[in-house]
Amino acid sequence: MNLPKPPGDAVVIAGLRWTIVLIFTLFGTAKFAEYEATGVAMIAGKHPLFSWMYSLWGERGASNAIGTVELITGTLIALGAFSARASFVGGAMGVATFCITLTFSFGAPAFWQPGYGAPFLGTIGQFLIKDAVLLAGCFAIAVNGLRRMQLAS
């Protein structure tokens with residue numbers, strides 16, 4: 001059986017990189033809008049890693065800070081197409097981002113669909129569970145950057 005030659009790793013990583021950049025750009029930009037600031041506050045405002053930001057800067061300030069970090073992460077991942085170090089740092093920041101957002105799952109209201117329970121995801125569960133694959137994608141970007149750094153030295 002003659003199978004077509006699959007694309008190389010560079011093409012696969014590029015596809016992964018630019019879709020993750022798109023996600024960080026869209027989600028990071030949204031954090032500057034009132035509707036997103038309000039939505040994020042319902043979850044992040046009670047989280048131990050974020051609650052201090054809400055008391056210090058308020059709902060909009062905290063959301064703006066989160067959005068800024070997301071935009072920086074996306075920018076570093078984008079720059080990773082040209083810089084192994086930026087790829088590693090941006091990918092690692094993405095891994096940290098999604099590790100943190102996945103912790104919102106613990107104790108989140110409506111993570112599991114009321115009346116059904118596990119494995120039936122509720123609205124927050126459906127929103128958060130995608131972060132598992134985004135974490136894996138950022139991990140691949142970070143590992144790719146690290147490998148490129150090792151090859152360059």
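From the N terminus on, the elements of the protein chain run α-α-α-α-α, with five helices and zero strands in total. Helices (H or I, at least four residues) and strands (E, at least two) are DSSP runs, numbered from the N terminus. This is a predicted model, in which local features need pLDDT of at least 70 and side-chain atom pairs count only at pLDDT 80 or more, while totals for chains, interfaces and linings use all residues. Residues are numbered from 1 along each chain as its sequence is written, and side-chain values use heavy atoms, with hydrogens and water left out.

**Overall dimensions and burial**

- Taken along the principal axes, the C-alpha atoms of the protein chain fill a box of roughly 50 × 40 × 25 Å.
- Of the 153 residues of the protein chain, 35% count as buried; buried means under 20% relative accessible area, exposed over 50%, and partly exposed in between (1.4 Å probe, protein chains only).

**The largest pocket**

- The largest pocket holds about 610 Å³ of space.
- It is lined by 31 residues, and those closest to its centre are Lys-31, Ile-66, Glu-70, Thr-101 and Phe-104.
- Two or more lining residues come from each of helix 1, helix 2 (34-44), helix 3 (51-79), helix 4 (84-103) and helix 5 (123-152).
- Helix 5 gives the most to this lining, with seven residues.
- By class, the lining has 21 nonpolar, five polar and five charged residues; Ala, Val, Leu, Ile, Met, Phe, Trp, Tyr, Cys and Pro count as nonpolar, Asp, Glu, Lys and Arg as charged, and the others, Gly among them, as polar.
- A pocket is defined on a 1 Å grid over the protein atoms alone, as an open set of points where a 1.4 Å probe fits, with protein on both sides within 12 Å along at least five of seven lines; lining residues have an atom within 4 Å of a point.

**Salt bridges**

- The structure holds four salt bridges, each defined as a side-chain nitrogen of Lys or Arg within 4 Å of a carboxyl oxygen of Asp or Glu.
- Lys-130 forms a salt bridge with Asp-131, the closest N and O atoms being 2.6 Å apart.
- In this pair, Lys-130 is partly exposed at a relative accessible area of 29%, whereas Asp-131 is buried at 3%.
- Salt bridges that share partners join Lys-31, Glu-36 and Glu-70 into one network.
- The salt bridge between Glu-70 and Lys-31 has its closest N and O atoms 3.2 Å apart.
- Glu-70 lies in helix 3 and Lys-31 in the loop between helix 1 and helix 2, so this pair ties together parts that are 39 residues apart in sequence.

**Nonpolar surface patch**

- Leu-22, Leu-26, Phe-27 and Phe-127 form a nonpolar patch on the surface, with about 370 Å² of accessible area together.
- Such a patch is made of residues with over 30% relative accessible area and no salt bridge, nonpolar side chains (Val, Leu, Ile, Met, Phe, Trp, Tyr) being joined within 5 Å.
- Helix 1 (residues 9-30) gives the most to the patch, with three residues.
- Leu-26 lies in helix 1 and is exposed, with a relative accessible area of 53%.

**A cis peptide bond**

- The peptide bond from Ala-118 to Pro-119 is cis, with omega near 5 degrees.
- Pro-119 is placed in the loop between helix 4 and helix 5.

Notes:
Patch = residues over 30% accessible without salt bridge, like charges linked within 9 Å, V, L, I, M, F, W, Y side chains within 5 Å. Areas by Shrake-Rupley, 256 points an atom, 1.4 Å probe, with all protein chains shown as cover. Points joined across faces, edges and corners; volume = space filled by probe spheres on them.
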